[in-house]
Amino acid sequence: MTGEKQNKDNGVAGLNPAKSPFNALASAYDAWFEEKGKLTFAIELEALQEVVPLLPKPWLEVGVGSGRFAQALGIEFGVDPSSKLLDIAKTRGINVVLGRGEDAPFDSNFFGAIFIITVLCFADFPVRLLREAHRMLGEGGKIVIGEVLLESPWGQYYQAKRKSGHPFYHRDFYSYTEITGFLKQAGFSVEKVSSTLFQEPCEVKCMEYPRAGISPDAGFTVIIAGKSLHSSKGSGVI
Ligand SMILES: C[S@@+](CC[C@H](N)C(=O)[O-])C[C@H]1O[C@@H](n2cnc3c(N)ncnc32)[C@H](O)[C@@H]1O
(Lines give C-alpha, C1' and ligand atoms only; values in the text may rest on other atoms or scores of the structure.)
Protein backbone atom coordinates (compact mmCIF):
# COMPACT_ATOMS: atom_id res chain seq x y z
CA MET A 1 0.00 0.00 0.00
CA THR A 2 1.64 3.22 -1.11
CA GLY A 3 -1.02 5.76 -0.15
CA GLU A 4 -1.23 6.96 -3.75
CA LYS A 5 -4.54 7.83 -5.31
CA GLN A 6 -4.03 5.67 -8.39
CA ASN A 7 -5.92 5.97 -11.63
CA LYS A 8 -7.39 3.00 -13.40
CA ASP A 9 -4.25 2.38 -15.54
CA ASN A 10 -2.75 0.88 -12.37
CA GLY A 11 0.78 0.87 -13.81
CA VAL A 12 3.22 2.47 -16.21
CA ALA A 13 2.52 0.30 -19.22
CA GLY A 14 -0.11 1.62 -21.61
CA LEU A 15 0.10 5.27 -20.55
CA ASN A 16 0.23 7.70 -23.43
CA PRO A 17 1.96 11.05 -22.88
CA ALA A 18 0.42 12.35 -26.12
CA LYS A 19 -2.97 12.31 -24.39
CA SER A 20 -2.00 15.00 -21.92
CA PRO A 21 -4.96 17.28 -21.12
CA PHE A 22 -2.49 20.18 -21.21
CA ASN A 23 -1.84 19.79 -24.96
CA ALA A 24 -5.09 21.40 -26.09
CA LEU A 25 -4.68 24.27 -23.63
CA ALA A 26 -0.91 24.81 -23.84
CA SER A 27 -0.96 28.36 -25.26
CA ALA A 28 -3.71 29.49 -22.87
CA TYR A 29 -1.81 27.94 -19.95
CA ASP A 30 1.40 29.72 -20.90
CA ALA A 31 -0.36 33.05 -21.50
CA TRP A 32 -1.77 33.01 -17.93
CA PHE A 33 1.71 33.76 -16.56
CA GLU A 34 1.80 37.13 -18.32
CA GLU A 35 -1.84 38.04 -17.86
CA LYS A 36 -4.08 37.04 -14.96
CA GLY A 37 -1.36 35.11 -13.17
CA LYS A 38 1.51 37.59 -13.49
CA LEU A 39 1.62 38.64 -9.84
CA THR A 40 0.85 35.13 -8.55
CA PHE A 41 3.80 33.83 -10.59
CA ALA A 42 6.07 36.58 -9.20
CA ILE A 43 5.05 35.69 -5.62
CA GLU A 44 5.63 31.95 -6.13
CA LEU A 45 8.92 32.58 -7.92
CA GLU A 46 10.15 34.76 -5.06
CA ALA A 47 9.56 31.90 -2.60
CA LEU A 48 11.47 29.46 -4.82
CA GLN A 49 14.31 31.91 -5.46
CA GLU A 50 14.87 32.13 -1.72
CA VAL A 51 15.97 28.47 -1.59
CA VAL A 52 17.87 27.97 -4.85
CA PRO A 53 21.26 29.54 -4.03
CA LEU A 54 22.08 26.59 -1.74
CA LEU A 55 21.20 23.81 -4.16
CA PRO A 56 23.83 21.72 -5.98
CA LYS A 57 23.69 21.54 -9.80
CA PRO A 58 22.61 20.16 -12.24
CA TRP A 59 18.87 20.78 -11.87
CA LEU A 60 15.81 19.05 -13.31
CA GLU A 61 12.19 20.15 -13.24
CA VAL A 62 9.73 17.25 -13.29
CA GLY A 63 6.53 18.54 -14.90
CA VAL A 64 8.40 21.48 -16.43
CA GLY A 65 5.33 22.67 -18.36
CA SER A 66 6.09 25.63 -20.61
CA GLY A 67 9.32 26.30 -18.74
CA ARG A 68 8.38 29.58 -17.04
CA PHE A 69 9.80 28.60 -13.64
CA ALA A 70 12.69 26.67 -15.19
CA GLN A 71 13.83 29.67 -17.20
CA ALA A 72 13.46 32.11 -14.31
CA LEU A 73 15.27 29.83 -11.83
CA GLY A 74 18.01 28.60 -14.19
CA ILE A 75 16.88 24.96 -14.30
CA GLU A 76 18.68 23.25 -17.19
CA PHE A 77 16.57 20.09 -17.73
CA GLY A 78 12.87 19.33 -17.85
CA VAL A 79 10.56 16.36 -18.35
CA ASP A 80 6.80 16.56 -19.01
CA PRO A 81 4.08 14.43 -20.66
CA SER A 82 2.68 17.38 -22.65
CA SER A 83 4.44 17.70 -26.02
CA LYS A 84 2.79 21.07 -26.67
CA LEU A 85 4.02 22.56 -23.39
CA LEU A 86 7.49 21.17 -24.10
CA ASP A 87 7.51 22.90 -27.50
CA ILE A 88 7.15 26.18 -25.61
CA ALA A 89 9.72 25.20 -22.93
CA LYS A 90 12.27 24.50 -25.70
CA THR A 91 11.95 28.10 -26.90
CA ARG A 92 13.02 29.14 -23.38
CA GLY A 93 16.28 27.21 -23.70
CA ILE A 94 15.35 24.24 -21.48
CA ASN A 95 16.69 20.76 -22.44
CA VAL A 96 13.44 18.83 -22.43
CA VAL A 97 12.37 15.20 -22.66
CA LEU A 98 8.82 13.96 -23.27
CA GLY A 99 7.80 11.61 -20.47
CA ARG A 100 6.39 11.27 -17.01
CA GLY A 101 8.04 11.78 -13.67
CA GLU A 102 7.11 8.22 -12.70
CA ASP A 103 9.49 6.78 -15.32
CA ALA A 104 11.86 9.60 -16.14
CA PRO A 105 14.55 8.84 -18.74
CA PHE A 106 17.58 10.14 -16.83
CA ASP A 107 20.56 8.40 -15.21
CA SER A 108 20.61 7.54 -11.53
CA ASN A 109 22.49 9.82 -9.11
CA PHE A 110 22.82 12.53 -11.78
CA PHE A 111 21.01 15.61 -10.43
CA GLY A 112 21.85 17.91 -7.54
CA ALA A 113 18.29 19.21 -7.23
CA ILE A 114 14.91 18.26 -8.65
CA PHE A 115 11.99 20.72 -8.71
CA ILE A 116 8.37 19.57 -8.69
CA ILE A 117 6.15 22.64 -8.95
CA THR A 118 2.37 22.10 -8.86
CA VAL A 119 2.72 18.65 -10.37
CA LEU A 120 1.97 16.12 -7.61
CA CYS A 121 -1.75 16.88 -7.90
CA PHE A 122 -1.60 16.06 -11.65
CA ALA A 123 0.54 12.93 -11.59
CA ASP A 124 -0.93 9.45 -11.82
CA PHE A 125 1.34 8.03 -9.11
CA PRO A 126 2.89 10.72 -6.89
CA VAL A 127 4.90 8.35 -4.69
CA ARG A 128 6.37 6.61 -7.73
CA LEU A 129 7.25 10.02 -9.16
CA LEU A 130 9.04 10.93 -5.92
CA ARG A 131 10.88 7.60 -5.88
CA GLU A 132 12.14 8.30 -9.39
CA ALA A 133 13.36 11.69 -8.17
CA HIS A 134 15.13 9.90 -5.32
CA ARG A 135 16.82 7.58 -7.83
CA MET A 136 17.98 10.47 -10.04
CA LEU A 137 19.37 12.57 -7.17
CA GLY A 138 23.02 12.25 -6.24
CA GLU A 139 24.37 12.21 -2.71
CA GLY A 140 23.35 15.36 -0.86
CA GLY A 141 20.74 16.07 -3.54
CA LYS A 142 17.56 17.95 -2.69
CA ILE A 143 14.00 17.89 -3.87
CA VAL A 144 12.07 21.17 -4.03
CA ILE A 145 8.30 20.90 -4.03
CA GLY A 146 6.08 23.90 -4.72
CA GLU A 147 2.47 22.95 -4.16
CA VAL A 148 -1.05 24.21 -3.50
CA LEU A 149 -2.19 22.44 -0.33
CA LEU A 150 -5.68 20.99 -0.19
CA GLU A 151 -6.43 22.69 3.14
CA SER A 152 -5.57 26.19 1.84
CA PRO A 153 -8.13 28.61 0.37
CA TRP A 154 -6.43 28.10 -3.03
CA GLY A 155 -6.59 24.32 -2.67
CA GLN A 156 -10.30 24.54 -1.90
CA TYR A 157 -10.80 26.88 -4.88
CA TYR A 158 -9.08 24.50 -7.32
CA GLN A 159 -10.68 21.44 -5.76
CA ALA A 160 -14.10 23.02 -6.45
CA LYS A 161 -13.03 23.55 -10.09
CA ARG A 162 -12.01 19.91 -10.26
CA LYS A 163 -15.42 18.82 -8.97
CA SER A 164 -17.15 20.94 -11.61
CA GLY A 165 -15.21 19.16 -14.39
CA HIS A 166 -12.37 21.60 -15.26
CA PRO A 167 -10.12 19.96 -17.92
CA PHE A 168 -6.82 20.54 -16.00
CA TYR A 169 -7.88 19.45 -12.53
CA HIS A 170 -8.72 15.80 -12.93
CA ARG A 171 -7.01 14.61 -9.71
CA ASP A 172 -7.44 15.50 -6.06
CA PHE A 173 -5.20 18.05 -4.41
CA TYR A 174 -3.13 16.85 -1.43
CA SER A 175 -2.82 18.08 2.13
CA TYR A 176 0.51 18.84 3.80
CA THR A 177 0.20 15.61 5.79
CA GLU A 178 -0.35 13.58 2.63
CA ILE A 179 2.61 15.16 0.81
CA THR A 180 5.02 14.68 3.71
CA GLY A 181 3.74 11.08 3.94
CA PHE A 182 4.54 10.57 0.23
CA LEU A 183 8.01 12.05 0.77
CA LYS A 184 8.68 9.69 3.64
CA GLN A 185 7.55 6.68 1.58
CA ALA A 186 9.92 7.76 -1.20
CA GLY A 187 12.90 8.01 1.18
CA PHE A 188 13.04 11.79 1.82
CA SER A 189 13.22 13.85 5.02
CA VAL A 190 11.73 17.34 5.10
CA GLU A 191 14.38 19.96 5.85
CA LYS A 192 12.67 23.30 5.33
CA VAL A 193 9.18 24.68 4.62
CA SER A 194 8.05 28.15 3.63
CA SER A 195 4.65 29.62 2.81
CA THR A 196 3.44 32.43 0.57
CA LEU A 197 0.38 33.70 -1.33
CA PHE A 198 -1.79 34.68 1.61
CA GLN A 199 -4.15 36.70 -0.61
CA GLU A 200 -7.41 35.06 -1.62
CA PRO A 201 -7.79 33.28 -5.01
CA CYS A 202 -8.57 35.81 -7.78
CA GLU A 203 -7.80 38.66 -5.33
CA VAL A 204 -4.03 38.93 -5.76
CA LYS A 205 -3.24 42.65 -5.71
CA CYS A 206 0.20 43.09 -4.17
CA MET A 207 3.61 41.43 -4.00
CA GLU A 208 4.25 39.02 -1.11
CA TYR A 209 7.39 37.51 0.38
CA PRO A 210 7.64 34.00 1.86
CA ARG A 211 7.25 33.27 5.57
CA ALA A 212 9.10 30.43 7.28
CA GLY A 213 7.07 27.36 8.19
CA ILE A 214 3.81 25.78 7.19
CA SER A 215 0.52 27.71 7.12
CA PRO A 216 -2.93 26.44 6.10
CA ASP A 217 -3.75 29.99 4.91
CA ALA A 218 -0.96 30.04 2.32
CA GLY A 219 -1.84 29.40 -1.32
CA PHE A 220 1.66 28.18 -2.20
CA THR A 221 3.95 26.07 -0.02
CA VAL A 222 7.61 25.27 -0.70
CA ILE A 223 9.02 22.09 0.83
CA ILE A 224 12.72 21.22 0.63
CA ALA A 225 13.61 17.61 1.38
CA GLY A 226 16.81 15.58 1.24
CA LYS A 227 17.46 11.87 0.93
CA SER A 228 16.91 10.26 4.32
CA LEU A 229 20.18 9.06 5.85
CA HIS A 230 19.15 5.43 6.15
CA SER A 231 16.73 5.25 3.24
CA SER A 232 16.92 2.54 0.65
CA LYS A 233 14.43 4.05 -1.82
CA GLY A 234 11.42 2.97 0.19
CA SER A 235 10.23 -0.60 0.40
CA GLY A 236 11.02 -1.46 -3.22
CA VAL A 237 7.30 -1.85 -3.90
CA ILE A 238 6.22 0.44 -6.68
C1 LIG B 1 0.07 23.04 -13.39
S2 LIG B 1 1.24 22.46 -14.53
C3 LIG B 1 2.77 23.00 -13.81
C4 LIG B 1 3.85 23.21 -14.83
C5 LIG B 1 5.11 23.90 -14.30
N6 LIG B 1 5.74 23.13 -13.25
C7 LIG B 1 4.71 25.27 -13.80
O8 LIG B 1 4.61 25.42 -12.57
O9 LIG B 1 4.45 26.14 -14.61
C10 LIG B 1 1.29 20.72 -14.23
C11 LIG B 1 2.27 20.03 -15.13
O12 LIG B 1 2.43 18.69 -14.70
C13 LIG B 1 2.61 17.91 -15.86
N14 LIG B 1 2.36 16.51 -15.50
C15 LIG B 1 1.20 15.86 -15.39
N16 LIG B 1 1.41 14.57 -15.04
C17 LIG B 1 2.74 14.42 -14.92
C18 LIG B 1 3.59 13.32 -14.60
N19 LIG B 1 3.07 12.13 -14.33
N20 LIG B 1 4.92 13.50 -14.60
C21 LIG B 1 5.45 14.73 -14.88
N22 LIG B 1 4.70 15.81 -15.19
C23 LIG B 1 3.37 15.66 -15.20
C24 LIG B 1 1.63 18.52 -16.84
O25 LIG B 1 1.86 18.12 -18.17
C26 LIG B 1 1.86 19.98 -16.60
O27 LIG B 1 2.91 20.50 -17.37
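1. Asn 109 sits in the loop between β3 and β4. Helices here are DSSP runs of H or I with at least four residues, strands are runs of E with at least two, and both are numbered from the N terminus. The phi of Asn 109 is positive, about 60 degrees, although the residue is not a glycine. Most residues other than glycine have a negative phi, and most peptide bonds are trans. Asn 109 is exposed, because 10 other C-beta atoms lie within 10 Å. The classes rest on C-beta atoms placed from the backbone: buried means 20 or more others within 10 Å, exposed means 12 or fewer, and partly exposed is in between.

2. A word on the basis. This is a predicted model: local features need pLDDT of at least 70, side-chain atom pairs count only at pLDDT 80 or more, and totals for chains, interfaces and linings use all residues. Residue numbers start from 1 along each chain as its sequence is written.

3. Cys 202 also deserves a look. This residue lies in the loop between β6 and β7. Its phi is positive, about 70 degrees, and Cys 202 is not a glycine. With 9 other C-beta atoms within 10 Å, Cys 202 is exposed.

4. Check one peptide bond as well. Lys 57 and Pro 58 are joined in cis, with omega about -5 degrees. Pro 58 belongs to the loop between α2 (38-49) and β1 (59-62).

5. Now the overall make-up. The protein has seven helices and eight strands. Of its 238 residues, 43% count as buried. Among contacts between residues at least 6 apart in sequence, 69% join residues at least 24 apart. A contact means that two C-beta atoms, placed from the backbone, lie within 7 Å.

6. The sheet is open and built from eight strands, in the order β3-β2-β1-β4-β5-β8-β6-β7, with mixed pairing. β3 and β7 (211-212) are the edge strands; each has a single partner, so one side of each is left without a neighbour in the sheet. α4 packs on the sheet and touches β2 and β3; its direction makes about 170 degrees with that of β3. For such angles, axes are lines fitted to C-alpha atoms, for helices over the stretch in contact, and values run from 0 to 180 degrees between N-to-C directions.

7. Two strand pairs can be checked by eye. Pairing requires at least two DSSP bridges between the strands. β6 (residues 188-196) and β7 are antiparallel, over two bridges. Ser 194 faces Ala 212 in β7. β4 (residues 111-117) and β5 run parallel and are joined by six bridges. Ile 116 stands opposite Ile 145 in β5. β5 (residues 137-147) is mostly covered, with eight of its 11 residues buried.

8. Helix α4 (residues 83-91) has four named buried positions: Leu 85, Leu 86, Ile 88 and Ala 89. They cover an arc of only 160 degrees around the axis, which puts them on the same side of α4. The arc is taken from the directions that run from the helix axis to the C-beta atoms. The buried residues of α4 pack against α1 (26-32), α3 (68-73), β2 (77-80) and β3 (95-98). Gly 93 follows α4, with a positive phi near 85 degrees.

9. Helix α7 (residues 176-185) buries Tyr 176, Ile 179, Phe 182, Leu 183 and Gln 185. These buried residues pack against α5 (126-136), β5, β6 and β8 (220-227).

10. Gly 226 is in strand β8. It counts as partly exposed, with 18 C-beta neighbours inside 10 Å. Leaving out residues up to four places away in sequence, Gly 226 touches Lys 142, Phe 188, Ser 189 and Glu 191. Gly 226 and Ala 113 are 113 residues apart in sequence, yet 9.3 Å apart in space, C-alpha to C-alpha.

11. Last, the ligand. Around it are 22 residues, of which Gly 63, Gly 65, Arg 100, Gly 101 and Phe 122 come nearest. To count, a residue needs its C-beta atom, placed from the backbone, within 6 Å of the molecule. The shell divides into 11 nonpolar, six polar and five charged residues. Nonpolar covers Ala, Val, Leu, Ile, Met, Phe, Trp, Tyr, Cys and Pro; charged covers Asp, Glu, Lys and Arg; the others, Gly among them, are polar.
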